[in-house]
Amino acid sequence: MICFDRGKNRFNLRVAGVSIYNGRVLLHRTEKDDFWALPGGRNEFNEFSEQTLVREMKEEIDEVVEVNRLLWIVENFFEHESKEFHETSFYYLMDFNEDSLVLTKEEFRGIEGDGYLIYKWFDIEDIDEVEVYPTFIKKKLLNLSPEIEHIMVRED
């Protein structure tokens, strides 16, 4: 995976998916975290970012997704677990097959390494009440642009 440390700094190349179904968006978190994020994972060497999203969804929840279009390219700076992150991310609009059981479950588990991820659908209109990172997601989910957006964020 494309992630490396230099002292207390970490560079991370992440790919995430935005899945919206019946006015709800799918988010996930680790068991130990108290915040939510869009599902996805780290890009591997020699892998296109769209392939990363497909691979991560297959690995984590055993689902095949259709990647529709690139929404956002994000440069994000934040602190997490005593590391200063410099993260570059690609966010894609994605869909599950219409017969997927994922679409019928309010909450379910996925696998991340030797632990679990918690996946949950949230009403987009109530997203302001959810702790989601990066925080720009709350605003952008309410009005997806038809154009690719370049977003720069410093989470303090």
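In what order do the elements of the chain run from the N terminus on? The order is β-β-β-β-β-α-β-β-β-β-α-β, made up of two helices and ten strands. Helices (H or I, at least four residues) and strands (E, at least two) are DSSP runs, numbered from the N terminus. The model is a predicted one, in which local features need pLDDT of at least 70 and side-chain atom pairs count only at pLDDT 80 or more, while totals for chains, interfaces and linings use all residues. Residues are numbered from 1 along each chain as its sequence is written, and side-chain values use heavy atoms, with hydrogens and water left out.

The C-alpha trace spans about 45 × 30 × 30 Å along its principal axes. For 156 residues a compact globule would have a radius of gyration near 15 Å, and the value of 15 Å for the chain therefore agrees. This radius is taken over C-alpha atoms, and the globule rule is 2.2 Å times the number of residues to the power 0.38. Of the 156 residues, 47% count as buried, where buried means under 20% relative accessible area, exposed over 50%, and partly exposed in between (1.4 Å probe, protein chains only). The chain exposes about 9000 Å², of which carbon and sulfur atoms supply 47%; accessible areas come from the Shrake-Rupley method with a 1.4 Å probe, and for residues only the protein chains shown count as cover. Among contacts with a separation of 6 or more, 63% join residues 24 or more positions apart, contact meaning heavy atoms within 4.5 Å.

Rolling a probe the size of a water molecule over the atoms shows where empty space is left. Here a pocket is an open set of points, on a 1 Å grid over the protein atoms alone, where a 1.4 Å probe fits, with protein on both sides within 12 Å along at least five of seven lines; lining residues have an atom within 4 Å of a point. Grid points are joined across faces, edges and corners, and a volume is the space filled by probe spheres set on the points.

The largest pocket has a volume of about 1100 Å³. Its lining consists of 39 residues, and Arg14, Thr30, Asp33, Arg42 and His80 lie nearest the centre. Elements that each supply at least two lining residues include strand 2 (9-18), strand 4 (24-30), helix 1 (49-61) and strand 7 (83-96). Strand 6 gives the largest share, four residues. By class, the lining divides into 18 charged, twelve nonpolar and nine polar residues. Ala, Val, Leu, Ile, Met, Phe, Trp, Tyr, Cys and Pro count as nonpolar, Asp, Glu, Lys and Arg as charged, and the others, Gly among them, as polar.

The second largest pocket holds about 180 Å³ of space. It is lined by 15 residues, with Asn9, Phe77, Glu84, Phe85 and His86 closest to its centre. Two or more lining residues come from each of strand 1 (3-6), strand 2, strand 6 and strand 7. Eight of the lining residues are charged, five nonpolar and two polar.

Backbone geometry was examined next. Most residues other than glycine have a negative phi, and most peptide bonds are trans. The peptide bond from Tyr133 to Pro134 is cis, with omega near -10°, and Pro134 lies in the loop between strand 9 (115-123) and helix 2 (136-141). Asn22 has a positive phi near 55°. It is found in the loop between strand 3 (20-21) and strand 4 and counts as exposed because its relative accessibility is 64%. Glu81, in the loop between strand 6 and strand 7, also has a positive phi, of about 50°.

Three further residues differ in their surroundings. Asn76, in strand 6, counts as buried because its relative accessibility is 3%. Val18, in strand 2, is buried at 0% relative accessible area. Glu31 lies in the loop between strand 4 and strand 5 and is partly exposed, with a relative accessible area of 42%. Leaving aside neighbours within four places, Glu31 is in contact with Arg109, Tyr116 and Ile118.
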